[in-house]
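Work through the exercises below with the sequence and the coordinates open. Each task is followed by a solution in steps.

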Amino acid sequence: MSTETADRVHVNNTRVELFDNVDPIDWDDLPSAAALTQRLIREFAEDKTLFKRLLLAVEHDPYLWAKCEEDVVEDKIVLWDDVEKGLRIRLRMSTDYQQQLAHNHRFSFTNLVLRGTYLHRNYVARNGFNEDTLPEDVQPVMLHEDRAGECFTIHHNALHSTPFTELGTISLVLRGNPVKDRAPVMFKEARGREEALAQQTADRHAGLSEIEPEAAGVGTMFWRVGEDLESTERRAERQMTKEKYHFWCRRLEELGII
């Protein structure tokens, strides 16, 4: 008899009727995926009983808990993950000002803004976007705001930035399975003090880091990678604390999100 994988234990132990009749999502058919996932994420957000039930269950689910993170400018809580259907739901909460970071993703996804605002830029990159791209080769072609209640769907190859314009901006993300091991990110604005930026400039030719820097100059790049490519030490550094998780549970209830 075969042993269930951790993701199937999670799915089988936590029934969500909303997802029962959803077929595996074809994210390559982006218009169809957008129509389906935007409906699902809105229905999920509106069902506050379900939303709260899944949120409060996260700390008791080792599979999900290992995916909850504290990063430089945001926290993430994973609420649901069905690998077979290509359907992962996570909360994204801003904790600090975020610079304009041009990037694409390892996966396609739909984002529903629950609170606050994103300032959303779409770019084109002359000669492609990779570790050799220069800042002047990445030019914005569209600028718009994504406000609370608005939804958008992004293909993994789309080049964009979504800096938070309000601290405490919160969104729900429904993402597909990764199709890349890593995705590059470029700073279009500097981050940090002058002396720190000088050190970042000196280190720039050492190769792209897989850790988002706390200080960076314009043009600095790093990789975003999946958890399977991170060391045990790095995963431990990013692991959300129970204190922070409980803070967000209380805060989401105070805001009426759950």
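At 9% relative accessibility, Trp 27 counts as buried, where buried means under 20% relative accessible area, exposed over 50% and partly exposed in between (1.4 Å probe, protein chains only). The model is predicted, so local features need pLDDT of at least 70 and side-chain atom pairs count only at pLDDT 80 or more, while totals for chains, interfaces and linings use all residues. Residues are numbered from 1 along each chain as its sequence is written, and side-chain values use heavy atoms, with hydrogens and water left out.

**Exercise 1. Describe the surroundings of Trp 27.**

Step 1. Helices (H or I, at least four residues) and strands (E, at least two) are DSSP runs, numbered from the N terminus.

Step 2. List the contacts, meaning heavy atoms within 4.5 Å. Not counting residues up to four places away in sequence, Trp 27 touches Ala 33, Thr 37, Gly 86, Ser 108, Phe 109, Thr 110, Thr 153, His 155, Leu 174, Arg 175 and Gly 176.

Step 3. A polar atom of the Trp 27 side chain lies 3.1 Å from the backbone oxygen of Gly 86.

Step 4. Check a separation: from Trp 27 to Asp 181 there are 154 residues in sequence and 17 Å in space, C-alpha to C-alpha.

**Exercise 2. Which residues are joined with Glu 74 and Lys 76 into one network of salt bridges?**

Step 1. Start with Arg 238 and Glu 69, whose side chains meet in a salt bridge of 2.8 Å, N to O. Arg 238 is in helix 7 (residues 232-238) and Glu 69 in strand 1 (residues 69-70), 169 residues apart, and the pair links distant parts of the chain. Both residues, Arg 238 and Glu 69, are buried.

Step 2. Turn to Glu 74 and Lys 76, a salt bridge with closest N and O atoms 3.9 Å apart. Glu 74 is buried at 5% relative accessible area, and Lys 76 is buried at 11%.

Step 3. Follow the shared partners: the network joins Glu 69, Asp 71, Glu 74, Lys 76, Arg 92, Arg 235 and Arg 238.

**Exercise 3. At what angle do the axes of helix 3 and helix 4 cross, and which residues make the contact?**

Step 1. Classify the angle. Helix 3 is roughly perpendicular to helix 4; angles under 35 degrees count as roughly parallel, over 145 as roughly antiparallel, 65 to 115 as roughly perpendicular and the rest as oblique.

Step 2. Name the residues: helix 3 contributes Phe 44, Ala 45 and Glu 46, and helix 4 contributes Lys 48, Leu 50, Phe 51 and Leu 54.

Step 3. Sort the contact of helix 3 with helix 4 by type: five residues are nonpolar, none polar and two charged. Here Ala, Val, Leu, Ile, Met, Phe, Trp, Tyr, Cys and Pro count as nonpolar, Asp, Glu, Lys and Arg as charged, and the others, Gly among them, as polar.

Terms used. A salt bridge is a side-chain nitrogen of Lys or Arg within 4 Å of a carboxyl oxygen of Asp or Glu. A polar contact is a pair of N or O atoms within 3.5 Å; within protein, one must be able to donate a hydrogen and the other to accept it, and residues adjacent in sequence count only if both atoms are side-chain atoms.
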